[in-house]
Amino acid sequence: MRINCPHCGARDAQEFTYLGAADPQRPDGLAATEAAMTDYVYMRDNPAGPHRELWYHGAGCHSWLIVTRDTRTHAIALVEPAKTRKAGAAA
Amino acid sequence: MAETATSWDPRGAWAGIAQPGSFGAKGEAGVFAIMLEGFGLASVIAEPDTTAALSQTVEALLGLTLPPTPRIARGPAHDIVWAGPDQWLLRTASRNGFTGLLSELSAHAAVSEQSDARAALRLSGPRARDVLAKGVMLDLHPTAFAIGDVALTNVAYVGAHLWRLDDAADGPVFEILLPRSMAGSFWSWFVASAREFGCRVASGRG
């Protein structure tokens, strides 16, 4: 599998580290209920199909990326820098 | 307490690891390796909103443009190498006046002196590309990796900063920077990989 890093170009997957689903947002610290934290920490969708996930380009530009990958075929539809989302809005 | 004889002489990154000479196949060397010493190096990291100001300062001081993509910008005494988004390495042939230059840049960026943190090698010769192909996962064919292109990648599990300079008469020229503490690991890979082509090793100013 190759990931097309927006900064470095197409690179082998072994240059990257996988973190997990990109979309869960951490609830607000001490104010969150136990149920909300449990949901955030443990509950994942495990889709068969497109999945937005975080990858870290540790052997290259050290950027966090959001990769949209089809979990059935490993086909990658989109790779975007994670920091643009953070700078954008509260998703 | 007994006096202990201590040497505080500066030690190059390749000291005790590699020495000038030849190894591998006899006859004309296919690969030339120059262990670069004495250069100044600093990482320069801008905030996204200070990149423009940093760019102007660099242009005024050095006459170089910060490369926004993985490229190297070369000047008579300074090189600027892309090192990630909004990150660069500044390299000088000589460390004279380097500290002053870095403090001027530090108004617009996080600047950190790295001169002794990396081991640097310049590889050339007709088989230089064949040696690198054994450890670099990138396509280094001239059409894919042009003169002035830069890559951050791994070589034999060692993080490496690699770029291509102007061709020499006998083939392509690459420079590679490695974490100094990994120079020994890299060198053992390099010796094993270059042996079949024959390699001549020399020291040089970088």
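This is a predicted model: local features need pLDDT of at least 70, side-chain atom pairs count only at pLDDT 80 or more; totals for chains, interfaces and linings use all residues.
Local features need pLDDT of at least 70 and side-chain atom pairs count only at pLDDT 80 or more, whereas totals for chains, interfaces and linings use all residues. Residues are numbered from 1 along each chain as its sequence is written, and chains are lettered from A and ligands numbered from 1 in the order in which they are written.

Student: In what order do the elements of chain A run from the N terminus on?
Tutor: Helices (H or I, at least four residues) and strands (E, at least two) are taken as DSSP runs, numbered from the N terminus. On that basis the secondary structure of chain A comes to 2 helices and 6 strands. From the N terminus on, the order is β-β-β-α-β-β-β-α.

Student: What share of the residues of chain A count as buried?
Tutor: A residue is buried if 20 or more other C-beta atoms, placed from the backbone, lie within 10 Å of its own, exposed if 12 or fewer, and partly exposed in between. The C-alpha trace of chain A spans about 40 × 30 × 20 Å along its principal axes. Of its 91 residues, the buried share is 16%.

Student: Which residues form the covered face of strand E1 of chain A?
Tutor: In a regular strand the side chains alternate between the two faces of the sheet. In E1(A), residues 2–5, the uncovered face has Arg2(A) and Asn4(A), while the covered face has Ile3(A) and Cys5(A).

Student: Which residue in E2(A) stands opposite Asn4(A)?
Tutor: Two strands pair if DSSP finds at least two bridges between them, and 4 bridges join E1(A) to the antiparallel strand E2(A), residues 9–12. A hairpin of 3 residues links these strands. Opposite Asn4(A) stands Ala10(A).

Student: How many residues of chain B are in contact with chain A?
Tutor: Two residues are in contact if their C-beta atoms, placed from the backbone, lie within 7 Å. On the side of chain A there are 9 such residues, and on the side of chain B the number is 9.

Student: Which strand supplies the largest share of the side of domain 1 of chain B that touches domain 2 of chain B?
Tutor: An automatic or database domain assignment gives the bounds, dividing chain B into domain 1 (29–38 + 116–205) and domain 2 (40–113). Here 9 residues of domain 1 of chain B are in contact with 9 residues of domain 2 of chain B. Strands E9 (150–155) and E10 (158–168) of chain B each supply at least two residues of that side of domain 1. The largest share, 3 residues, comes from E9(B).
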